Amino acid sequence: MAALGREAGADLRDAGVLPVRTGEASKDIRMATYTHGQPSVSLGDEKFRRPMVIEIIEKKMEYLRKEKTLNVYGTVFFGTAASFSGMLANFIFRHCFKVKHDALKTYASVTTLPFLSTVVAYKFLVTDALYLGNISQENCVLRSSLVGIVCGVLYPTGLAFSKTGRLAVKYHTVPLPPKGRVLLYWLLLCQTEVKAMMIPLVFQTVFGIFNGLRHYAIFESTLEKTVRDD
């Protein structure tokens, strides 16, 4: 029997197969089962990681809540400034054209429409573009200032001019303009008073630049904090 065992061991060595002891085999099996795939997470690790995940989610929600609140305040203030520009323009044109009819109707339109147009334009041109990552800081400031100039000054001025001019023609508060020179005639009637619209023009431009810089800084800080927490 011993001779047969020695002969079998010699045959195995000749074939390139080395015998493995029992302790070594069990050790290899334990290592293979531990290193196969990812190690399983223990219950203690899971209980420790769950509060960390909840804390990260709460921080992200707090950052987004603060950013949304500041953005809403800035946009609403932007739209409110456009409404005041409409009120000032309407007051100037009504004084120049000597119109005293339909005051509530005209003031309601020149304050509501500029407010809504400013809020919607700022959301689509600045806020949504920032969330998509399509604009730089300079582009954000440029868009914000253009929204303030166009929607906050030019649009309410033109709206007040058209509505007050129609009322002036309807109630004959001023002489009718000659044919072919309607716009020039209306502008000559209010060329001195309309210079007061430079005040909201400068204000909307400066505030548009400031709001664009602040909005971009808030977005960048929120993005950095979110990435750092991840």
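This is a predicted model: local features need pLDDT of at least 70, side-chain atom pairs count only at pLDDT 80 or more; totals for chains, interfaces and linings use all residues.

Trainee: Which residues lie nearest the centre of the largest pocket?

Mentor: A pocket is an open set of points on a 1 Å grid where a 1.4 Å probe fits, with protein on both sides within 12 Å along at least five of seven lines; lining residues have an atom within 4 Å of a point. In this case 10 residues line the largest pocket, and Asn71, Val72, Thr75, Lys123 and Thr127 lie nearest its centre. Two elements, α3 (43-97) and α4 (103-132), each give two or more residues to this lining, and α4 has the largest share with 6 residues. Helices are DSSP runs of H or I, at least four residues, numbered from the N terminus.

Trainee: What lines the second largest pocket?

Mentor: Its lining is Asp102, Lys105, Thr106, Ser109, Lys163, Arg166, Leu167 and Lys170. By class, that is 1 nonpolar, 2 polar and 5 charged. α5 gives the most, with 4 residues.

Trainee: And the rings: how many aromatic pairs are there?

Mentor: A pair of aromatic rings is described by the distance of the centres and the angle of the planes. This structure holds 10 aromatic pairs (centres within 6.5 Å; planes under 30 degrees apart are stacked, over 60 edge-to-face, the rest tilted). Tyrosine 185 and tryptophan 186 make an edge-to-face pair, with 5.7 Å between centres and 65 degrees between planes. Phenylalanine 203 and phenylalanine 207 are stacked, at 6.0 Å and 5 degrees.

Trainee: Where do phenylalanine 203 and phenylalanine 207 lie?

Mentor: Both are in helix α7 (residues 198-229), 4 residues apart, about one turn of the helix. Phenylalanine 203 is partly exposed at 41% relative accessible area, whereas phenylalanine 207 is buried at 13% (buried is under 20%, exposed over 50%, partly exposed in between, with a 1.4 Å probe and protein chains only). Tyrosine 185 and tryptophan 186 are both buried. Finally, Phe203 and Phe207 belong to one aromatic cluster with Phe77, Phe78, Tyr122 and Phe210.

Technical notes: Residues are numbered from 1 along each chain as its sequence is written. Side-chain values use heavy atoms; hydrogens and water are left out. Ala, Val, Leu, Ile, Met, Phe, Trp, Tyr, Cys and Pro count as nonpolar, Asp, Glu, Lys and Arg as charged, and the others, Gly among them, as polar.
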